[in-house]
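Here's a quick tour of some side chains and how they pack. Have a look at the model first.

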Amino acid sequence: PHNPKTMATPYTRFEVELEFVQCLANPFYLNFLAHSKILEDERFKNYIIYLQYFRKPEYTKLLTYPVHSLAALTLLQQPVFRAEIMN
């Protein structure tokens, strides 16, 4: 029988990471993350550190808004920013 779920191609880990980093360029998304309380989770903090590989030129060129996305990656490492983004 036909199963539409098996027809969808799953996203690769890299595609998910790329989309996430691009979403960080949106201040409303950052505010959403803050209100979801994820910003203080140690696993999230480690994930932000891991995503720093997007600073390498071969990855930066794939970002639609590299300046804003990479600035958010930097800011999200700062406890004061993570606290203030709630506002």
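## Phe 20 in helix 2

Phe 20 sits in helix 2, residues 13-23 (helices are DSSP runs of H or I, at least four residues, numbered from the N terminus). This is a predicted model, where local features need pLDDT of at least 70 and side-chain atom pairs count only at pLDDT 80 or more, while totals for chains, interfaces and linings use all residues. Residues are numbered from 1 along each chain as its sequence is written, and side-chain values use heavy atoms, with hydrogens and water left out.

Phe 20 counts as buried, at 13% relative accessibility (buried is under 20% relative accessible area, exposed over 50%, partly exposed in between, with a 1.4 Å probe and protein chains only). Setting aside neighbours within four places in sequence, Phe 20 is in contact with Tyr 29, Leu 33, Phe 44, Tyr 47, Ile 48 and Leu 51 (contact means heavy atoms within 4.5 Å).

## Aromatic pairs

Rings of Phe, Tyr and Trp (its six-membered ring) pair if their centres lie within 6.5 Å; planes under 30 degrees apart are stacked, over 60 edge-to-face, the rest tilted. That rule gives eleven aromatic pairs. Phe 14 and Phe 54 are stacked, because their ring centres are 5.8 Å apart and their planes at 15°. This pair links distant parts of the chain, 40 residues apart: Phe 14 is in helix 2, Phe 54 in the loop between helix 4 and helix 5. Phe 54 is buried at 0% relative accessibility, whereas Phe 14 is partly exposed at 28%.

Key. Helix = DSSP H or I, 4+ residues; strand = E, 2+ residues; numbered from the N terminus.
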